[in-house]
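Take a look at the structure and try each task before reading on.

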Amino acid sequence: MSIEWTLLIAAGLLILSIIATRASNRFGVPGLILFLTIGILAGSQGPGGIAFADYQLAQTVGVIALIYILFSGGLDTDWKAIRPVLGQGLVLANLGVLLSAAIVGLFAMWLLGFGLLEALLIGAIVSSTDAAAVFAVMRERGVNLQHNLEPLIELESGSNDPIAVFLTLGLTGLLLNPNGSLLDLVPSFLLQMSLGALGGYGLGRLAVVIINRIRLQQEGLYVVLTLGLILLIYALVSLIGGNGFLAVYLAGIVIGNYNLVHKRSILRFHDGIAWLMQIAMFLTLGLLVFPSQLIPVAGSGLLLALFLAFVARPLSVFASLIWFRRGPAEILMVSWAGLRGAVPIVMATFPLIAGVPHAGMIFNLVFFIVLVSVLLQGMTISHVARWLKLNADRPRPPETQTYVPDVSLRSRMLDIVVPADSSVVNKSLIQLDLPRGLLVVQIQRGEELLIPNGGTVLLPDDHLLVLATPEMLPRVQELHARGELVLK
């Protein structure tokens, strides 16, 4: 196939997926299901007839997509919101995953007649909730929970993928090396999580320093810089033996909770990248699936999916949160919000590529479980929240540090630095007598972010975010030429 046809097909699938989000909002079907459906219809057994069976490529796409999705999830996480539920989230993300994997594994061993390790592998693959699915579905369905449940669910979904990936890779290794033991995974787990946490926090702080001090001339280069920094964090932490997924999620939390140069642009850019990664991941996995292979596992897959949703997940959540005095309604809500998404399907490619026995059947079972989970839980999550009387029934608060008022429809945002020798230093904004077409929206002073008023005094090296009408641009350019202000 020529590059032109490849690009045409890719563009068509991407645009069709974006258009499908309108149907998602109108009919209440989660967008993730629509992305998967479009991929399946475009595949070799659908009308599209695209032959695609490259599991290695699908895994690569999935890993890269997950890196950026987790980072974006961390970037949008308010530390003040998750701090009260940090302990609960960590217990749920670790103990909850272990218990869920064990319970599902034992049920799969009974249902399918698999050996213990093979059954536990299925449990491990579907044990974690999917950050992409949870973030997307809760926003689509307008779920706004009370009692700090929302930050708890988002924290869990963002931080439990690392342990699920670790368990999947560890059990895959044990199946290929029968001389190993489950106990051998414990020290490796502790090392990976420790290095991942330390690396994510440390490199996240370093990334903040780099972004704020590099002094790039074009605003667009800052978002490109963050793209490279994310991959760098994942790669470095993984190469030293840490968990790269945990590292990028924590780095996202660190970076998102510091004041950054051009933070508004960075947040918006990564929100778009996260959507692109979700669409690319689900389309790729949809292309990878052969619907005819799902039919033989439909019965077993449905039983596993229902057991996971109604037994394994609630039990694991109950055992994790009962110590924190959570009521039955809250535990049920957290249980029902445990959506499975593309991540389990990506993880199911690891044993498939490694050549584990029954890996093909495991992949198809996992795909079926994900379909049932997103359809069943994704379409009913808002109804369950209202039934349990936990939905706040109020609009989401506006995102902080992203709203900028318009002076006119043609206004432009300017990033201006006050030089140390400028005549405006030590003058208040009211003393500058700025014309009507110029508006200083915010001032970044070191690590401090200021919302200015007329009495705010300008200091050397202040970063001003200024909104200017086209008529005022020559005035700003004049000040720049005289050295009074420096345009970034």
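**Exercise 1.** Let's start at one side chain: is aspartate 462 buried or exposed?

*Solution.* Keep in mind that this is a predicted model.
- Step 1: the cut-off for buried is under 20% relative accessible area.
- Step 2: aspartate 462 has a relative accessibility of 0%, so this residue counts as buried.

**Exercise 2.** Find the salt-bridge partner of aspartate 462 and say which parts of the chain the pair ties together.

*Solution.* 
- Step 1: the side chain of aspartate 462 meets that of arginine 445 in a salt bridge, at 2.7 Å from N to O.
- Step 2: arginine 445 belongs to strand S2 (residues 438-445), while aspartate 462 sits in the loop between strand S3 (448-450) and strand S4 (463-468), so the bridge ties together parts 17 residues apart in sequence.
- Step 3: arginine 445, at 23% relative accessibility, counts as partly exposed, whereas aspartate 462 is buried.

**Exercise 3.** How many salt bridges are there, and what can be said about those formed by arginine 326 and arginine 313?

*Solution.* 
- Step 1: the count comes to three salt bridges.
- Step 2: arginine 326 pairs with glutamate 330, with the closest N and O atoms 2.8 Å apart. Both arginine 326 and glutamate 330 are buried.
- Step 3: arginine 313 pairs with glutamate 156, and here the closest N and O atoms are 2.7 Å apart. Glutamate 156 lies in helix H8 (residues 149-159) and arginine 313 in helix H15, so this pair ties together parts that are 157 residues apart in sequence.
- Step 4: glutamate 156 is buried at 2% relative accessibility, and arginine 313 is buried with a relative accessible area of 4%.

**Exercise 4.** Stay with Arg313 and describe the second largest cavity, whose lining includes this residue.

*Solution.* 
- Step 1: among the residues lining the second largest cavity are Ala305, Leu308, Ala309, Arg313, Ser335, Arg340, Ile369 and Gln377.
- Step 2: helix H15 (298-321) and helix H18 (359-387) are the elements that each give two or more residues to this lining. The largest share, five residues, comes from H18.
- Step 3: sorted by class, the lining has six nonpolar, four polar and two charged residues. Arg313 and Arg340 are both in the lining, and arginine counts as charged.

Notes
Residues numbered from 1 in each chain as written. Predicted model: local features only at pLDDT ≥ 70, side-chain atom pairs only at ≥ 80, totals over all residues. Heavy atoms only, no water. 1 Å grid on protein atoms, 1.4 Å probe; cavity = no way out; pocket = protein on both sides within 12 Å on 5 of 7 lines; lining within 4 Å. Helix = DSSP H or I, 4+ residues; strand = E, 2+ residues; numbered from the N terminus. Salt bridge = Lys/Arg side-chain N within 4 Å of Asp/Glu carboxyl O. Buried < 20%, exposed > 50% of the residue type's maximum accessible area, 1.4 Å probe, protein only.
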